[in-house]
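Trainee: Could we go through this model together? I would like to begin with the aromatic residues and then turn to the helices.

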Amino acid sequence: MPVPFLELLPAYQELRSELDAAYHRVMDSGRYLLGGEVEAFEHEYSAWCGTRHCIGVANGLDALHLILRAMDIGIGDEVIVPSNTYIASWLAVSYAGATPVPVEPDEQTFNLAPTLLEAAITPRTKAIMVVHLYGRPTDMNPVMQIASRYGLRVLEDNAQGHGARYKGVRTGALSHAAGHSFYPGKNLGAFGDGGAVTTDDDQLADRIRVLRNYGSRLKYQNEVKGINSRLDEIQAAWLRVKLRHLDEWNERRSRVAQRYTQSLADLPHLMLPQTHPDAAPAWHLYVVRHPRRTALQTRLTEAGVGTMIHYPVPPHLSEAYAEAGIAAGSLPVAEKLAETVLSLPNGPHLTPEAQDEVIQALHSACQELA
Ligand SMILES: *Cc1c(COP(=O)(O)O)cnc(C)c1O
């Protein structure tokens with residue numbers, strides 16, 4: 001039996017009756033944007049994250065971009081970003097008009113290395129964006145300490161982190177504001193696009209609420225040049241259903257991860273993710289490393305096991321950032337990770353039998369490549 005990297009249909013099938021009921025509730029309400037479902041989701045999600053505010057928006061990219069705009073970060077400003085991330089983290093900075101300044105990750109955690117932060121700070125630096133990549137929380141204490149010493153804002157890209165904890169606190173509640181994505185494949189995935197901002201800052205929350213809706217608080221009274229970035233009532237209603245199951249579904253992901261870690265230990269050349277005692281990952285992705293990653297992926301594909309690479313091209317080497325003029329070789333850790341990482345199937349609906357096949361295929365492939 002082939003094992004696909006990720007299937008979304010089983011999520012619908014498991015919750016079909018609750019999701020269908022939510023759909024009919026919205027359709028029958030006659031209200032399709034910024035109504036009771038979005039408001040209820042905002043309350044429930046901020047309570048779950050442990051923040052004072054949640055503002056629903058159209059997607060994760062907008063969430064990050066709107067945070068930066070609400071922080072008055074724009075042209076001429078620099079925002080520190082991880083060199084190893086999905087390009088959306090960088091694009092949010094560019095959309096705001098500011099310049100992304102990359103800092104290399106720690107090779108073990110995949111996340112921004114706090115020890116390298118200070119060297120990247122200039123008089124133009126306004127903020128640090130951390131990314132809880134693969135659902136692995138960034139080491140936040142040193143980041144927040146350095147930020148406070150230099151008077152910088154900190155935001156989290158929590159697109160992959162729903163449910164992760166750092167020293168017991170959920171990601172999304174560890175900095176001044178966080179952007180969340182509800183893209184269907186994320187841990188809390190909608191059935192279409194969606195996103196949110198969480199924050200404890202009353203003023204920031206208010207500004208984002210206005211910015212997401214054309215800069216208006218009252219219809220046709222436009223205070224600022226906002227954008228259209230609203231969360232649909234339908235998506236909010238579906239997200240409320242899925243939020244009720246998120247802790248249990250994250251538990252399932254964590255069990256899959258534990259089983260990989262036990263069953264794949266000591267395979268030749270295969271590096272498994274290491275977890276810091278302060279960090280409880282949300283296991284959005286289970287990412288291994290191998291010096292002959294492409295050969296390994298080919299063998300797994302031949303064995304019917306779907307894998308993915310997150311991400312094959314670091315943002316600075318993408319055509320979109322050619323203008324930044326960051327030469328190949330100048331961010332060697334991100335470049336090395338891009339060449340060696342491989343994401344294995346993981347999700348709340350991966351069966352033990354399917355995982356057995358992945359484990360078996362990895363044993364054979366790693367022996368062959370030894
Ligand atoms: C998915 C993702 C985003 C963007 O979210 P969208 O909802 O697709 O806009 C941003 N950053 C990271 C790390 C992501 O994985």
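**Aromatic pairs and helix packing**

Mentor: Tyrosine 260 is buried, its relative accessible area being 0%; buried means under 20%, exposed over 50% and partly exposed in between, with a 1.4 Å probe and protein chains only. Please note that this is a predicted model, in which local features need pLDDT of at least 70 and side-chain atom pairs count only at pLDDT 80 or more, while totals for chains, interfaces and linings use all residues. Residues are numbered from 1 along each chain as its sequence is written, and side-chain values use heavy atoms, with hydrogens and water left out.

Trainee: How many aromatic pairs does the structure hold?

Mentor: There are twelve aromatic pairs. Rings of Phe, Tyr and Trp (its six-membered ring) pair if their centres lie within 6.5 Å; planes under 30 degrees apart count as stacked, over 60 as edge-to-face and the rest as tilted. Phenylalanine 41 and phenylalanine 182 form an edge-to-face pair, 5.5 Å centre to centre with 85° between the planes.

Trainee: Where in the chain do phenylalanine 41 and phenylalanine 182 lie?

Mentor: Phenylalanine 41 is in helix α2 (residues 36-49), and phenylalanine 182 is in the loop between β8 (177-181) and β9 (195-199), so the pair links parts of the chain 141 residues apart. Helices (H or I, at least four residues) and strands (E, at least two) are DSSP runs, numbered from the N terminus.

Trainee: Why is the pair of tyrosine 260 and tyrosine 286 tilted?

Mentor: The pair is tilted because the ring planes lie at 40°, with the centres 5.0 Å apart. Tyrosine 260 belongs to helix α7 (residues 233-263) and tyrosine 286 to strand β13 (residues 286-289), 26 residues apart. Tyrosine 286 is buried, with a relative accessible area of 0%.

Trainee: What is alanine 257 in contact with, leaving aside its neighbours within four places in sequence?

Mentor: Alanine 257 is in contact with Trp283 and Tyr286, where contact means heavy atoms within 4.5 Å. Alanine 257 lies in helix α7 and is buried, with a relative accessible area of 1%.

Trainee: Changing topic, which residues of helix α9 are buried?

Mentor: In α9 (residues 332-340), the buried residues are Ala334, Glu335, Leu337, Ala338 and Thr340. The buried residues of α9 pack against β13, α8 (293-302) and β14 (341-344).
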